[in-house]
Amino acid sequence: MNHIRSFPNKQEINMDSAHSTELDIHQHFEVFMQRSLRGIMGSMKQDGLSMPQIYALLYLYHEGEMRISDIGVLLEVGKAAASQLVERLVQQELVERVEDESDRRAKKIRLLPKSLRLIEKGLAVQRLQMGRVMAQLSPEQMETVQTAFRYLIEAMRKMGRE
C-alpha cells in the first residue's frame, strides 16, 4: 500500500472551506429556528392547534389575507386539504372567509381577533425566551447578529415569495 498523501490545491481548499461554512450556517440556523420557535409553537399547541394550523395562522399574521389555494401551497397540500384546515379554523372562530375584491367568486381568509390574541401570546413567550438568550450576548455580538439577520432578510426579499 502506498500511503502518500496528496495535498489539496488552493482552489480545493477554498471550495471545501466555502462548503464547510455553508454547512455550518445551515446547522446553526436549524438549531436556532428549532429553539427559537419552541416558545410560540408550544404556546399555540397548548391552545389545541395543530402544526399546520399554526403555520397557516402565522403566515396569515405576517402576510395578510390570502386565498385557500395559497395556504395549500404554503403547507404543500392540495386545495381539499387546505379547505378542510381552513374550515376547522373557521369553526374555532380563528379565521373568516371574506370576498376577494379582485375576484368576487373567490374567497380570502382573514384572521379574527381570537387568533390574533393566541399569536400575540405565543410571540410574547418567544420574545421572552429570545430576550434571555440575547442577554447572554455582548453589544458587539448583538450588532453582528442584527447585521446577519438584515442580510438574510434582504436576500429573501430579493428572491421574492416562494
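Leaving aside neighbours within four places in sequence, which residues is Met 44 in contact with? Select Met 44 and you'll find Leu 49, Ile 54, Leu 57, Leu 58, Leu 118 and Ile 119 (contact means heavy atoms within 4.5 Å).

Before moving on: this is a predicted model, where local features need pLDDT of at least 70, side-chain atom pairs count only at pLDDT 80 or more, and totals for chains, interfaces and linings use all residues. Residues are numbered from 1 along each chain as its sequence is written, and side-chain values use heavy atoms, with hydrogens and water left out.

Now show the largest nonpolar core, which has 24 residues (buried Ala, Val, Leu, Ile, Met, Phe, Trp, Tyr and Cys joined through side-chain atoms within 4.5 Å; buried is under 20% relative accessible area, exposed over 50%, partly exposed in between, with a 1.4 Å probe and protein chains only). Met 44, Leu 49, Leu 57, Ile 71 and Val 95 touch the most other members. Helix H2 (51-63) is among the elements supplying at least two residues, and H2 gives the largest share, five. Helices here are DSSP runs (H or I, at least four residues), numbered from the N terminus.

Next, color Phe 32 and Phe 149. Their rings form a tilted aromatic pair, 5.5 Å centre to centre with 50 degrees between the planes (centres within 6.5 Å; under 30 degrees is stacked, over 60 edge-to-face, the rest tilted). A search of the whole structure finds one such pair. Phe 32 sits in helix H1 and Phe 149 in helix H6 (residues 139-159), 117 residues apart. Phe 32 is partly exposed at 29% relative accessibility, and Phe 149 is partly exposed at 32%.

Definitions and conventions: Phe/Tyr/Trp six-rings, centres within 6.5 Å; stacked < 30°, edge-to-face > 60°.
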